Amino acid sequence: MPSLPLAQADAGIKVSTDPDDIRAESELIWAFLRRGRVVLTGLPGGGKTTALKRLAAQLAWDRTLPLPVRASLREVNMRGPQASFRDRLIAVAVRDDRPADRSVLTTEINKRLDEDGGIALLLDSLDETYDQRSKVVSELSKLVATLPEGVCILLATRDVAYGQAATLGWPSLRLRSPAAAESTVTAVLEAAAAQTLPAAAERPGWVAERAAWVHSALAQNDLLSETPLIPVLLALLAARRATELLPKQRATILAAVVKDVVADREVRRGNGRALGPLSGSDLHTATIDAFTSEAAEILNSQGRAVKESVVAAVAADLREPWGLPPARAATAARDAVHLFDETGIFVLSGAEETVAPRIALFAEIGDAMRIVSRPNEIPDWVDARIAGQQLEPLVLACTLDMAVARAASTALHREPGDVRLARSLVQAAREGAILDDATIRQICECLIAHVADGTQEGWQSWKDLLWLPVPAELRTSAEAAAMEHGPEHALVARASLELCFRPDSSGVENPQVLRDVLALRSLPHRPQSDGSTTLDFTAWLADDSLSRTQADAAEVLLDHVPHTAHLVAACAVEAPGGLQETLSRLLAERGFDDDVQAIHDTTAQKMGELTRPWLSNYDGSFHARFLRLVADHVTADLSTAQATLLDELADFVETMEMNAGGATRLGRQPNDTLRKLIEMTTSLYGFDHAILASQANIALARMERSQGNDPYFALFYNAQKRQAPDWSAVNDPEAAVQLLIRLLTLGPGQATFAAKSLWKAPIAEQAAPRLRDLLPRLTPSTRHQRLAAATLASLSSGPEPDCWVHSRDPILRAVAASMIMPMSRESLTDQFRHLLDDRDGHVQEAAIRNIVRAQPPDLIEILTRVTTRPTPGWMCLSCRTVNPPPGRTSCSKDNCSIVGANPAKLASESLQEAVQRVGRT
């Protein structure tokens, strides 16, 4: 199959730019250019090599960007020490170019490396240098020391070599899971169809059938979609077989991927690679044997095995079937371990080189495949896996071979109370394993007994129970067991059993129980088996017993009980998204269009009320407009580093808080105002406007090329916020103050920037009167009011904050409590004691924080007194509702859930720290 264009096969992989924020992501190119030198990590099979190819293509497409030079460090290292590291790197990079071009490219690369001429080294496969990793990183470090700062470098590696890569001191980026794996699957299948089917008209249907199978296979386990590798392997498998011959069950799908694709693909990709002396027709079978042996040894070692023990286990399994002497068997085993490490199936890690599966399913399916080929070992293997609680390979093996299912059934008969084993057999049955009637009854009895515990875990067994054909004679005991969970759970259980035991498809014996279950909105959570009443959030999310029963009940009622559509619609209006969609579809299919429209309208109204406050102010085009205004100035010549990293512009937008909430509210200001703001900030914080203009033009070009704002938001990474305004550099302080006062009425970020710029500024004569006039207008936003008040109090002259001690506004009293001097000599002032005893809890908290900073001699005594006070009232900092004493935990106003002040708790925490501090001294 030919190579696929990235434009067709792009899986939509971005990089995570902040490990502490799952929302922080970017296109690799913009994150890379902002940082200049980075380490790129990702899961094996996650697409690092393809990401580097894509990055190289993007850089090469634009002559204003650094020239990409891509090389595999594995190949660089294999060239030996005869030439310098730099020469070897360049030789590998130009190896595939035309002979006539190599000399020209080599000269150009060297020139750019020497003269800071705009170049990006994209270095792949550090992890594949194995025991040479430290040496390779050392050589790279020495090369970097000789290069100009404008040379960009990206080093890609799997996690196993991150420790060595981290010694370079560069920031890291990590590839995320693919957002559009279906595009890659479709591209692979379309390429295969073009080679397989001469008639173009037949290809769309052929592709669609196989794409649907791949989607179904991926849906069976979310982990399979973590990287592009498995979707691509499934697409290749689908392309090789007729649709009727494609496996349907999870175990057979995984086994087919291993047998038909993994071994064959990796062996062929190895460019003549062999396993020791094994090659040719023996290689495929030997690779499968090595795969299953390595998987079994990993599981025998509880999921992570020492490399040498894996080599010994694989060698033992290869020795006899292939007639290999011990030394050659060990060589073949070592080659196999490296093969599966490089492909990201079983991954080496750590200085001790332990082996673990990248996805546990690889080891589990390998272990299952191995045991079904050894029927005499099945009973002992089943017992070992049950004893070790390694039940996933048992589930897979039950599906592959009935002999394993029979052995597992025998084990359950010996231990009829083994709930884990019973639930595993349910899973095996769901995936296609065949169980006899006696085993099904045994499983049901075990699960019903567990349901009767009345715990969260017990209810999970109820869900499993419904996947089986429950014997009729166990219905009464099942209902009784569900009663232990309370009336709501019991109702769900009765409805579920009513649906299970319907005599035929033409009616229902007890429609009322189905009507009643539609009226349920939720199930109360049950205690855990250890007696804890804490909600297991994961189990709660996974509990679909109510929604599943309601969906089934709705279908039966709509088909067999008249005048029930309104009940289904009422349930849908309050239902979560998935159930609402199902119920709406059931109504639409039966012609209840008015009910469906009512559901849609009600939901739209709710969503509109939820999203309108924060969506109404967002303007995605403002970022480009702002940069165009910055660029409207005389430009400067930039160095390579300045043109790549854009540090001056990054610091500028960071200083102005342009990534803070509500920043786009600046977009409502006229261009003339924004120009004045840009000029003022440039002067006040010492930015070079000519450099800003040049860099803004570059950022705009990047945004236009990416057709989005990623290049803009990439600016904020590692940007330095300038903190010290220089008012002597401002030509018109009066105009500057007017601008900043306006900013105090905009978003939180711009208000913060304005407060910082005015804080203790030597322009009190101009700023103080305007701030006093502004304060009453800011009362709707306590945050803005607090910022403005604190800024006013910071100025050198004026009665603030002392004049606020007796103010009617608790926000102003809280600012006073934060800023006035609490002590005279070594005791609290009467003024400050008044604030410490204030009727508003937020004022008390501000006073506590101030006094903790002051550290009076009697701090412990003061804090101790505060901890014993009753909870005071407090004004809500969101809606300004006054909550009288004793203060509630959250605001009393409807639809406001802001948590209130708790000065006693703050005092207790501060007291604990004070006591510890005294103890240390």
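Visitor: What is the volume of the second largest cavity, and what makes a space a cavity?

Guide: The second largest cavity has a volume of about 40 Å³. It is called a cavity because, on a 1 Å grid over the protein atoms alone, a cavity is a set of points where a 1.4 Å probe fits but cannot get out; its volume is the space filled by probe spheres set on those points, which are joined across faces, edges and corners. The structure is a predicted model, in which local features need pLDDT of at least 70 and side-chain atom pairs count only at pLDDT 80 or more, while totals for chains, interfaces and linings use all residues. Residues are numbered from 1 along each chain as its sequence is written, and side-chain values use heavy atoms, with hydrogens and water left out.

Visitor: Which residues line the second largest cavity?

Guide: Its lining, meaning residues with an atom within 4 Å of a point, consists of Leu666, Gln669, Thr673, Leu674, Leu677, Leu739, Arg742, Leu743 and Leu746. Two or more of these residues come from helix H34 (671–684), and two or more from helix H37 (733–743), where a helix is a DSSP run of H or I with at least four residues, numbered from the N terminus.

Visitor: How do the residues of that lining divide into nonpolar, polar and charged?

Guide: They divide into 6 nonpolar, 2 polar and 1 charged.

Visitor: Which residues of H37 are called buried, and what covers them?

Guide: Buried means under 20% relative accessible area, with exposed over 50% and partly exposed in between, using a 1.4 Å probe and protein chains only. In H37 the buried residues are Ala736, Val737, Leu739, Leu740, Ile741 and Leu743, and their cover includes H34, helix H38 (748–758) and helix H39 (764–774).

Visitor: Why does histidine 842 count as buried?

Guide: Its relative accessibility is 16%, and the cut-off is the one already stated, so histidine 842 counts as buried. Histidine 842 lies in helix H43 (residues 841–854). Leaving aside neighbours within four places in sequence, it is in contact (heavy atoms within 4.5 Å) with Ala814, Trp874, Met875, Leu877, Gly900 and Ala901.

Visitor: Is arginine 813 buried or exposed, and how do you know?

Guide: Arginine 813 has a relative accessible area of 2%, and is therefore buried. This residue of helix H41 (residues 810–819) touches, beyond its neighbours within four places in sequence, Trp804, Val805, Ser807, Arg808, Leu835, Asp838, Arg839, Asp840 and Val843. Of these, leucine 835 is 22 residues away in sequence, with a C-alpha to C-alpha distance of 7.5 Å.

Visitor: Which strands pair with E7, and in what sense?

Guide: Two strands (DSSP runs of E with at least two residues) pair if DSSP finds at least two bridges between them. Strand E1 (residues 15–16) is joined to E7 by 2 bridges and runs antiparallel to it, with valine 15 as the bridge partner of leucine 175. Strand E3 (residues 37–41) pairs with E7 in the parallel sense over 3 bridges, and leucine 40 stands opposite leucine 173. In E7 (residues 172–175), Leu173 and Leu175 form the covered face, whereas Ser172 and Arg174 form the uncovered one.

Visitor: What is the order of the open sheet of 3 strands, and which strands stand at its edges?

Guide: The order is E8-E10-E9, with antiparallel pairing. Strand E8 (305–306) and strand E9 (346–349) are at the edges, each having a single partner strand, so one side of each lacks a neighbour in the sheet. E9 pairs with strand E10 (residues 354–357) over 4 bridges, and leucine 348 has valine 355 as its bridge partner.

Notes
1 Å grid on protein atoms, 1.4 Å probe; cavity = no way out; pocket = protein on both sides within 12 Å on 5 of 7 lines; lining within 4 Å. Nonpolar A, V, L, I, M, F, W, Y, C, P; charged D, E, K, R; others polar.
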